[in-house]
Structure formats: C-alpha cells, structure tokens
Amino acid sequence: MSRVVADYPSPSHDTVPFRSPTGLGDMELTTDHDDPPPPSRRRFGLSPTLGQLLKQVGDVRKESTGDGGDTPDHQVLDLGGDSVPRSIPFVLSFSSLTYSVRTRRRNRIAAGDSSSVFTRTKTLLDDISGETRDGEIMAVLGASGSGKSTLIDALANRIAKESLKGAVNLNGEALDSRLLKVISAYVQQDDLLYPMLTVEETLMFAAEFRLPRTLSNSKKKARVQALIDQLGLRNAAKTVIGDEGHRGVSGGERRRVSIGIDIIHDPIILFLDEPTSGLDSTSAFMVVKVLQRIAQSGSIVVMSVHQPSYRILGLLDRLLFLSRGQTVYSGSPAQLPGFFSEFGRPIPENENRTEFALDLIRELEGSPGGGGTKSLVEFNKHWQMQTTRNDGCLINPQISLKEAISASISRGKLATSDAAGSTSLVPTFANPIWKEMAVLSARSVTNSRRMPELFGIRLGAVVVTGFILATMFWHLDNSPKGVQERLGFFAFAMSTTFYTCADALPVFLQERYIYLRETAHNAYRRSSYVLSHALVSFPAIAFLSITFAATTFWAVGLDGGFSGFLFYFFVILASFWAGNSFVTFLSGVVPHVMLGYTIVVAILAYFLLFSGFFITRDRIPDYWIWFHYMSLVKYPYEAVLQNEFQDPNKCFVRGVQIFDNSPLAALPAAMKLRLLRNISGSMGVNITATTCLTTGRDILVQQGVTDLGKWECLVVTVAWGFFFRVLFYFALLLGSKNKRR
C-alpha cells in the first residue's frame, strides 16, 4: 500500500491555467519542479476516491506478477532528429455542428387508394459543441440512432462541407481537408483486412505505405514489432487474419490489428467508430487500454461507444452523451454524479454511471412529446455555462497550428514526413508512386499466393475449354466445311477468352472498402492502385494465354507455323488483357457481384453478336453498325482470321467442292463434274476438278474482314485494355468520395 499512497503526494508543480485557442475549455501548463505525476494521478486527480485507490492496488499487483495483459507504452518513432523540442498541446474543438438530411415518405390515402410523396428534413446533429485535447480519450455515447457515428464523421471531415454547418478547429485554426487527411486516422466499425496476410505482414505493409521511404527498413520493422507488443498481438503475429473459410485471429485481435494499421504513422488525431462493438468485455477493455496508451503519447482520441463497462469508464477522460442529435451531457466521468444530482436524478451509489445515464436518457426519450429530453438538453446548456463561468479568466497561449505540428513531427509523431525540416511540413503522400506500386503489388501477390485454388480453378477452366475445342476441331482440313469450322472455332475461342475474365469481377468488389479506407487518408495514390492492379493481373493472364494457345493451335491445325503461333498467342493475350480490363472497370462501377455478373454476361453476348461472325459487317443495319465497331470480340476475331487466311496461294475450294455448301452436294461425283463443265462452257473459263476457286483472301472478303490489317486489329485490342484501365481510374476517382451528402 505504500506504493499506492506514494502515487498521490502533495502538489509540487506550479500549474498555470490558460484558455485554449478556441475559447471552449481550459487547459493547464505544468512547470516541473520535481518528477512528473504518475499516470494514476493524472487520471484520477489530486484527491482519489477509495475505489480508485483499490483499483490502483490491483494495478500494482498485476504489474508485480506480470498478469493482466497490460500493454507497453506507446512509442514514438525515431526519425533521426538532432533535438527534441518541447511538447505543444493540441486542442480539437467543434462548435454548433448541425447536419440535416432530407427523407422521402409516401402517404397512402385510404378512400381513393392513392398515395402522395413528400419530403421532410431530419436533423441528425443539432448544435453540437465541445472540445478534447491531446492525451485524452473522448467517448461519444448514446442509444442507437442518437448521432454518435454522424458526429465522428463530422469531426473526421466525412460529411460534405455544404451539408455540415458549424466549425471544427485544431488549436483555434480551421482544419483543411488535405491536412486533416494526413494528420488523422479513421478506424471504421468493420474490420476490413486482407484475410490471408498474417498480423505482422498486415502491419508491415501498412508501415510501407505510411512511413517515408527515407526511413530505413530496420526502423520500419522495429516500429511494427513495437506496435505488435503495444497492441498485445505478439502471440498472434504469425497468424493469418482469416475469414469465413480460413481460421484466423480472434475478433478482439482483428479489431486491434485494424487500429494498428491506422496508427502505424502515429497520427495526431485518431477517430474510431465503435471500436468495442461485438467484443467481449476483456477484449473491449484491452482495445480501450491500447487507445489510452496512444492518447498518452500525445494524440487526440475520439471514439463512439455504445455502453462502456465500469473498467472502460475508468480509462475515459471526456464523455459526450447524445440524444436525438443533441448534447445532453459533456464533461468528465467524475462530473457525472454531480450533473445528475443537480438535475434532480442522482445516480445510486452502486450503479454504473454510464448505464444509469443511458437508461435515464432512454426513459426521457420515451416520455410523451420528448419533453423530458428537451429539459435535459436545456439543463446541460445551463450547467456548461455555469461550469465555464466558475473556471475564471484564463490565458491564451497564442500557439499556431503549424508550430504545434512541426514540434510533433520533430518528436517522432506523424511519421509521414522525411524530416522536421522538410520543405513540405506535411506531405500529401509518404512515398513516391513507384514505391506505392511495389508495395501494393507485393501485398496482392502475397494474399493471392495463399489462395492458389482461385487461380487453379481459372486455369482448369481454360485447359478444359482448350481440350474440348482441340478435340472437337481436331486437324481441320482445307475444304469448304473446314473453312466454316475454322470460323466457328475462332468465334468461340475469342469469346471464351472474354468470358473467362469474368472471375476478375469480385476481386475489386472484395477489396473496395479496404481501398476506400486506405485512400481516404492518403495511404497511396489512386493511380498507384490502378497501375499495380494491372501489373499483378498480367502474369496470370499471360500464363493462361500461352496455355490456351499451345493447347489449341497445333491440335486444330491452324496455319502459319511458329510465326503464326506467336501472333495467335499475342491475340489471345490481348483478348485476355482487354477482357480483364473491361471486367475490372465494371467492378469499379457496379456495387454487387451478382449484378456485375449479369451485366458482364449480357454485354459479352452483345459483343459476340456484333463481332461479324453471325452476320457480316456489310449486312449489319446502319443503325447498329456503331455497336459492331465497339465490340471487343470483333478485333481479335478479325486478327486471327487474317492470320489464318492471309496466304493468297492457299486454296480452300477446288473444282467440284464449290457444290459442298449447297443442296447439290448430295449428287454423284460424275454429275458434279458434268455440271462443272457446263458452268465452264457458259462462262468461257476452263474449270477442272483441281482448279482453285476460293483462296484465303477470298474468304476474308466474304466475311467482310477488309477494313483493318491483323496488326492493326491487335493494336486496337490492346488499346481497348488501356482505355478500360483509364475508365477504371476515373470510376475510382468519382466513386471514392466517401462523404455524406
């Protein structure tokens, strides 16, 4: 007990109060004459209660026995600065935040069985004000639908400026959207992680994104290892994250990993949307304990929480209770009993303070007309004014935001800058584009390599399709029937390459929310993601192309020798490239996998219809000819036709073979020769049984393949692929503005 009592000595510090730049609250500057007060004293104040003393005894016992799963102190990253300047405080303040949305409602009129639609305005935030400082955890509490997540989004600049009224300031200065993206992090309620990466790999890739390239690899690894210890993930460091089909880490560990990837660069402000949701009490306590360490390192932590336990309440510094978008209490947990006592509803001695407050708020919300909640809101405003008046006159330190951020960077926080003396105080991105591409590609390959069954299924589909085509069209001859069979083979083969690419659709749909989370705070550029996505997909489609080409070319008996095979392979590769790019673009537009598959199948069917196989170009109606030139199947189909029939000396119809595709094919051979002589006499041309009547060039003319050469068709197919990649980029650019309207 002597150690516990020693944690609460008489005051030996001179405290100088001053007004924060926002004028919304108070802060103390401490001049140290002796050692700084211990964390327990900073948390509980100078006069601890008996319960706090007993809790401190428990903490001492846990420290002495090594029990309790306590996490190490949060470590700032050493960026190699020469000197460490003094810590300059941060104050995040918000005033008069108001946000409304329009909702549509349909009213039915019973008499006439008709309906009318009208819109009404629903206020989600109504004049919310408050503040929090570095070193503190501010928790936003309230029932479901009270506006907790909306307030977190408003503070994190996830609501459009034209829709949100009020001001959000840091150290008295308005927060620029670009600056806030870099100095803050937002942890969503859902754990959005790659399932086949281990905990250590997930954090290491996050470090590669968020920490500057000039930082050595050893320092990045040291940062990751320190973070693993801080998050209490040492035993799970080598375990994969897992998903529904793969066993991985527990729910609490997943949540801590989600927090870890957003604090790897030690942000100044950390926003969290219900980080304890869905966790058991022990896991939830460990998560908030980690957040306390982060706050004590000099960060501002703002989180929403549904109903904290007694242990979690002891870790929180500020509470903000909401009811239907209005503030019903704002202050420290220690002030809750006094607040409700003055309101006339004192908290029972043995009752959890937050549970009592939330139950009372629900009770007042359920009162007729909501008058009870209104009275609590008005009482809170009066109580806040009285509290501010009692604080007395405070001093404004006049510290600029730029100075505060520069000092934090010099002390190792916000490790996205190369150095404290960088020309750009806070760069938009920590790394150049080529570095981002390399890290994105490595992460995607690592995740895919641990799920080989996905590529195996795709390869199996290509091999089976190629085998069926090879055996079905085995060694085609040069007869008129062989020509028709070649045309059918080419049309089916080219369309198959596009249909096989449909498996690329769920790739981005599964990664969409991970991408949105990472780009929301400038982990990497959108262009880096598009380029790395293309680079990672290319080796797979190249392997599929060579497999399909080798399976079918010689088995079918196509013309051209080795040079013909190379061109055939290039066309197959270009088809896979264009198809993969097209499906990737659609994945950036459609929201659901099933809807995407429906659209892909329908559009590819239209492409095949207008490719020129079923109806030649000169027979397509003028009002549909534009679709013929937009068909992705048209260009590779015409390219392989020209590769097969380009030899002017190769004959495909000789003498009596001219009758093969007509009802006269059933006539005896002697009768066919007699007819051929009669035709020769009528035309005045000598046509024998061996006379060549149709060459490869004639077939190309018959099929309407005359407007582009084979190399031009190949180039156009490749260009289609690049075109859809550009469209994919713009789809990401327009679709990733994850702000409420």
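Reader: Which residues of α19 meet α26, and which residues of α26 do they meet?
Author: Happy to start there, with the note that this is a predicted model. Helix α19 covers residues 526–556 and helix α26 covers residues 710–735. From α19 come R526, S527, Y529, V530, H533, A534 and S537, and on the α26 side they meet R725, F728, Y729, L732 and L733.

Reader: How do the residues of that contact of α19 with α26 divide into nonpolar, polar and charged?
Author: R526 in α19 and R725 in α26 are among the residues that meet, and arginine counts as charged. By class, the contact of α19 with α26 divides into two charged, three polar and seven nonpolar residues.

Reader: Are α19 and α26 oblique or roughly antiparallel to each other?
Author: Their axes come within 10 Å and cross at roughly 140°. Roughly antiparallel would take an angle over 145 degrees. The crossing of α19 and α26 is right-handed, and the orientation of the two helices is therefore oblique.

Reader: What about α20 and α21: which residues make their contact?
Author: Helix α20 spans residues 561–587, helix α21 spans residues 593–609, and their axes come within 11 Å. α20 passes α21 in a right-handed crossing. On the α20 side the contact is made by F582, V583 and L586, and on the α21 side by I599, V600, I603, L604 and F607.

Reader: How many nonpolar, polar and charged residues does the contact of α20 with α21 have?
Author: Phe, Val, Leu and Ile count as nonpolar. F582 and V583 of α20, along with I599 and L604 of α21, are among the residues making the contact. Sorted by class, the contact of α20 with α21 has no charged, no polar and eight nonpolar residues.

Reader: Which cysteines form a disulfide?
Author: A search of the whole structure finds one disulfide, and a pair of cysteine sulfur atoms has to lie within 2.5 Å to count. Here the sulfur atoms are 2.2 Å apart, and the cysteines are C651 and C692. The pair links distant parts of the chain, 41 residues apart, with C651 in strand β13 and C692 in strand β14.

Reader: Is C692 buried or partly exposed?
Author: Buried means under 20% relative accessible area. C651 counts as buried at 9% relative accessibility. C692 has a relative accessible area of 31%, so C692 is partly exposed.

Reader: And C713, buried or exposed?
Author: The cut-off for buried is under 20% relative accessible area. C501 is buried, with a relative accessible area of 0%. C713 has 0% relative accessibility, so C713 counts as buried.

Reader: Which residues does R697 touch, leaving out those up to four places away in sequence?
Author: R697 lies in helix α25, residues 696–702, and at 45% relative accessibility R697 counts as partly exposed. Between R697 and E644 there are 10.0 Å in space, C-alpha to C-alpha, and the two are 53 residues apart in sequence. With those sequence neighbours not counted, R697 touches F645, Q646 and P648.

Reader: Stepping back, what share of the residues in the protein is buried?
Author: The protein has 26 helices and 14 strands. Among contacts between residues at least 6 apart in sequence, 76% join residues at least 24 apart. Of the 741 residues in the protein, the buried share is 50%.

Conventions
Residues are numbered from 1 along each chain as its sequence is written. This is a predicted model: local features need pLDDT of at least 70, side-chain atom pairs count only at pLDDT 80 or more; totals for chains, interfaces and linings use all residues. Side-chain values use heavy atoms; hydrogens and water are left out. Helices (H or I, at least four residues) and strands (E, at least two) are DSSP runs, numbered from the N terminus. Buried means under 20% relative accessible area, exposed over 50%, partly exposed in between (1.4 Å probe, protein chains only). Axes are lines fitted to C-alpha atoms, for helices over the stretch in contact, and angles run from 0 to 180 degrees between N-to-C directions. A crossing is left-handed if the near helix is turned anticlockwise from the far one by less than a right angle, and right-handed if clockwise. Contact means heavy atoms within 4.5 Å. Angles under 35 degrees count as roughly parallel, over 145 as roughly antiparallel, 65 to 115 as roughly perpendicular and the rest as oblique.
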